[in-house]
Amino acid sequence: MIEEGVERRIAFRWAQPKRTYDVVIVGGGGHGLATAYYLAARHGISDVAVLEARYIGAGNSGRNTTIIRANYGVPEAVRFYGHSVDLYATLEDELECSFIHQAKGLIWLAHTETAMRAERARSLLNLACGIETVMITPQEAKGLCPQLDLSGGGRYPVLGASYHPRASTARHDRVVWGYAAAAMRRGVHVIQGTPVTGLLRDGDRVTGVETASGPIRARVVLSAVGGNVTALAGQAGVRLPIRTHPLQAFVTNGYAEDFGPILSDTELLCYASQTGRGQMLVGAEFDPQPSYSLRSSFSFLQSASAKIVHLLPFMRDLRILRQWSGICDISADFSPILGATGVDGFLVTTGWGTWGFKAIPAGGEAMAEVIATGRTPDLIAPFALDRFAADHLLADQGSTGTR
Ligand SMILES: Cc1cc2nc3c(=O)[nH]c(=O)nc-3n(C[C@H](O)[C@H](O)[C@H](O)COP(=O)(O)OP(=O)(O)OC[C@H]3O[C@@H](n4cnc5c(N)ncnc54)[C@H](O)[C@@H]3O)c2cc1C
């Protein structure tokens, strides 16, 4: 077991780019790096380059609120995220990297009968799929989270909640670094400061990428570029049902008491947890206006703090230290899009939206299998791009609202 709380030095082995690789992965976020790691570790394929425009973890993988859970709303997603939660459980040992993985449990509050029905349905579906999510009374919620005001500030009384005990958090940038270092140890090249500016084509096939320092050829190109995906896929002539929306978050100064669980509210659309430094970390719904802007807004601070204070009055006395945003690849049905695009040599891992941090291990493992074997594992078969044309959408409201 990796010792808890110990900061281990992570050793990176940076490389100069070659002109040809078996696999080029565009984007050094969690999904790109995890795919590279599993290609090398599970399939012995290390002739792989991960090209990152800025620095690894510069995108959403280094900006998220770190919630890991499996209590989704459709069976395909519950199975997929359940597997990712299982992989996270042993990942610190596998990557030989501590990332402060902490079990917390997740409370999803309901204030109306409609929300209670939705939470009961979620709980039954999760249990049927082997994932523990149980209904709890307001008093039981208060027992798990003594700071919770059950009257909701007098405006939003709590009728009940669902509780998902396996939910956890992990330090996001160290997850990214852990995958990068473990992939590098196996011979993968991770190259920072290298934006991909175009795709090389040979007829209908993608055969590599363009960069400022010249073309790089590859048998397979995987797009793992987060909110920038429609631009890159467009270069391959692939039109994706994705819109890019900013998602914001903030942290406060330290709260001296322990705040145990992750507290979420699908009706008020806000959530809070406590970081390892004691700060309160708060998030809300994605911005309604599509945009590539990383600017955060005062209106987000106002609305998210007003909502969270109704539930957690102690937060009135805290100060906001920092706010930030990321740009999220939101798919039309709130589920990911994985694998083939209809263009030979060009694959995508996208549609991770506001919920893809928890999916990094399972998404990377599955995409590595697709690339290495040409076969799509059953776990991700429902998430193929062609589901949109076939009218088999996986509308999953369990993805939205809370991360
Ligand atoms: C505020 C916020 C809170 C969130 N909270 C949670 C949460 O609690 N739980 C959860 O599960 N998920 C959460 N998410 C979502 C999660 O962070 C993302 O879904 C996940 O990190 C996506 O990983 P990725 O590797 O696909 O993309 P990213 O991490 O965004 O990586 C993409 C990378 O590609 C690079 N890139 C882009 N274009 C190019 C190019 N042309 N050439 C080379 N490189 C390029 C970018 O610089 C970036 O580093 C949150 C997101 C945000 C913004």
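This is a predicted model: local features need pLDDT of at least 70, side-chain atom pairs count only at pLDDT 80 or more; totals for chains, interfaces and linings use all residues.
Let me begin with the largest nonpolar core, which has 66 residues, and in which I25, Y81 and Y179 touch the most other members; by such a core I mean a set of buried Ala, Val, Leu, Ile, Met, Phe, Trp, Tyr and Cys residues joined through side-chain atoms within 4.5 Å, where buried is under 20% relative accessible area, exposed is over 50%, and partly exposed is in between, with a 1.4 Å probe and protein chains only.

Residues are numbered from 1 along each chain as its sequence is written, and side-chain values use heavy atoms, with hydrogens and water left out.

Now to the salt bridges, of which the structure holds eight, each being a side-chain nitrogen of Lys or Arg within 4 Å of a carboxyl oxygen of Asp or Glu. E94 pairs with R42, their closest N and O atoms being 2.9 Å apart; because E94 lies in helix 3 and R42 in helix 1, this pair ties together parts that are 52 residues apart in sequence. R42 also forms a salt bridge with E365, at 3.2 Å between the closest N and O atoms, and since E365 lies in helix 9, the parts tied together here are 323 residues apart in sequence. E365 is buried, at 18% relative accessible area, whereas R42 is partly exposed, at 38%.

Terms used:
Helices (H or I, at least four residues) and strands (E, at least two) are DSSP runs, numbered from the N terminus.
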